[in-house]
Each structure stands twice: as structure tokens, then as C-alpha cells.
Amino acid sequence: QVQLVESGGGLVQAGGSLRLSCAASGGTFSNYAMGWFRQAPGKECEFAAVVSRSGSVTYYKDSVKGRFTISRDNAKNTVWLQMNSLKPEDTAVYYCAADSSYSKLTHALGSRDVDYWGQGTQVTVSS
């Protein structure tokens, strides 16, 4: 059983940056592709970014491409989401997810579609 704990959320002004972290425990971290998802108030959960097991391949939702960077360190069992040039529409609860399938993460719509899901961290971007 893998546990995922996110941190790093907070309140930031538009144009600012935040770095989210997700620490994994209870499993072999390198066996899983890792993803970040987000859910804004009143909206459905959506995919944001995914990184392959080795960290060599990444994929982003179009609206965050060029602003967000996902990375991982398998020795530290941690995945990060560096978010730059933040916009008010980035406001959401951000969730970390793990799945043995990279492809499945890119198509997932929420926690029921993946192997493991974190508790979330709130990101609020003020205008």
C-alpha cells in the first residue's frame, strides 16, 4: 500500500510561483508513474501533469504547459510540481497520484481511475 502526502500549497499572487511536493511511502516508488491532478471549486477533477517511472518522460495539460514542471527523485521517493506564472484559474486543490501505468494517469479523471491518491493541498492564486 502506497501512501502519498502532498505539501507546499498556499496563497500566492498572480504571476508568482509555488513548488508542490509529494512524498511517497509504503511501496517501491520507482515502480509507479506519478501524476498531479487538480480540482477547482465547482468543477470536475482534471489531469495536470505526469512523469514516467524513470523521470525521463513528461506530459502536461495544455493550459499548464510551459508554466508547470513535474519532476521526481526516486532516491527520495518524492515528486514535485514547480508552478510558475500562476494565474487565478490555477486555484484548486492539487492531488498527487501514483499508478503503474503512465498512460492510465494521462487519461484519469480522478481517484477511482488510479492506483493511489493523496489527500490534496490547496493552491490559491489571487488576482
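Two strands pair if DSSP finds at least two bridges between them. Strands here are DSSP runs (E, at least two residues), numbered from the N terminus.

The structure is a predicted model: local features need pLDDT of at least 70, side-chain atom pairs count only at pLDDT 80 or more, and totals for chains, interfaces and linings use all residues. Residues are numbered from 1 along each chain as its sequence is written, and side-chain values use heavy atoms, with hydrogens and water left out.

**Strand β8 and its partners**

In strand β8, Leu81 has Ile70 standing opposite. Six bridges join β7 to β8, and the two strands run antiparallel. They form a hairpin with four residues between them, and Asn77 in the turn has a positive phi of about 55°. β8 also pairs with β3 in the antiparallel sense, over six bridges. Here Arg19 stands opposite Gln82 in β8. Five of the six residues of β8 are buried, where buried means under 20% relative accessible area, exposed over 50%, and partly exposed in between (1.4 Å probe, protein chains only).

**Nonpolar cores**

A nonpolar core is a set of buried Ala, Val, Leu, Ile, Met, Phe, Trp, Tyr and Cys residues joined through side-chain atoms within 4.5 Å. The largest such core has 29 residues, and those with the most contacts inside it are Leu4, Met34, Trp36, Val79, Leu81, Met83 and Tyr94. At least two residues of this core come from each of β3 (18-25), β4 (33-39), β5 (46-51), β7 (68-73), β8 (78-83), β9 (92-99) and β11 (121-126). A second, separate core has nine residues, among them Phe37, Ala97, Ala108 and Val114. In soluble globular proteins, nonpolar side chains tend to be buried together.

Contact means heavy atoms within 4.5 Å. Not counting residues up to four places away in sequence, Leu81 touches Leu18, Arg19, Leu20, Trp36, Ala49, Phe68, Thr69, Ile70 and Tyr94.

**Ala92**

Ala92 lies in strand β9 and is buried, with a relative accessible area of 1%. With residues up to four places away in sequence left out, Ala92 touches Arg38, Gln39, Ala40, Thr121, Gln122 and Val123. The C-alpha atoms of Ala92 and Val123 are 5.5 Å apart in space, while the two residues are 31 residues apart in sequence.

**Salt bridges**

A salt bridge is a side-chain nitrogen of Lys or Arg within 4 Å of a carboxyl oxygen of Asp or Glu. By this rule the count comes to seven.

| Arg38 | Asp90 | 2.9 Å |

Salt bridges that share partners join Arg38, Glu46, Lys61, Arg67 and Asp90 into one network. Both Asp90 and Arg38 are buried.

Side chains of opposite charge can pair when their charged atoms come close.
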